[in-house]
Amino acid sequence: MIPVPGFCFGIGDTPKTPAEVEPALRQLRPYLTWGVRTYSTRSFPGLGPLAHGLGLKVAAGAWLNQDRQANRDELDRLIAAARAGEVDLAVVGNETLFRQDLDPAELIDLLQAFRAAVPGVPV
């Protein structure tokens, strides 16, 4: 068996409960050396405590796009999860510049907002 640092969880916009995700995490746990990564805060509410309970870290993503209000909501959910100790690493706006959904200045503003709100969580 060759362990891997982590697995990405991406399930679209349909949120999954911890009870729905736990079997997959338990099955993957023997192969992980670091943890799990998500693409959006909407997908897995409650993933942080579940993953931490299994000895895994969480890289939680904030999916950003052209909808400025949805971006603010996404960032607010990530901030709340990070403040609750559920996030070990934040991934804010992955691929946003590549897709040209935001310009660099807008993304920088959102990154700075996260860092100011949760200075102890790396981005």
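**View 1. Strand 2 and strand 3 lie in parallel, joined by three bridges.** Two strands count as paired here if DSSP finds at least two bridges between them. Strands (E, at least two residues) and helices (H or I, at least four) are DSSP runs, numbered from the N terminus. This is a predicted model, in which local features need pLDDT of at least 70 and side-chain atom pairs count only at pLDDT 80 or more, while totals for chains, interfaces and linings use all residues. Residues are numbered from 1 along each chain as its sequence is written, and side-chain values use heavy atoms, with hydrogens and water left out. To get from strand 2 to strand 3, the chain passes through helix 2 (residues 47-53), making a right-handed β-α-β crossover. Right-handed means that, with the strands pointing away from the viewer, the path from the first strand over the helix to the second runs clockwise.

**View 2. Here we zoom in on Arg 37, a residue of strand 2 (residues 32-38).** Its bridge partner in strand 3 is Ala 59. Ala 59 is also among the residues that Arg 37 touches, along with Phe 7, Cys 8, Phe 9, Val 91 and Asn 94, leaving aside residues up to four places away in sequence. Contact means heavy atoms within 4.5 Å.

**View 3. Strand 3 (residues 57-62) is mostly covered, with five of its six residues buried.** Strand 3 also runs parallel to strand 4 (residues 89-92), and four bridges join them. In this pairing, Ala 62 stands opposite Val 92.

**View 4. Stepping back, the protein chain has five helices and four strands.** From the N terminus on, the elements follow the order β-α-β-α-β-α-β-α-α. The C-alpha trace spans about 45 × 25 × 25 Å along its principal axes. Buried residues make up 37% of the 123 residues. Among contacts with a separation of 6 or more, 69% come from residues 24 or more positions apart.

Key
Buried < 20%, exposed > 50% of the residue type's maximum accessible area, 1.4 Å probe, protein only.
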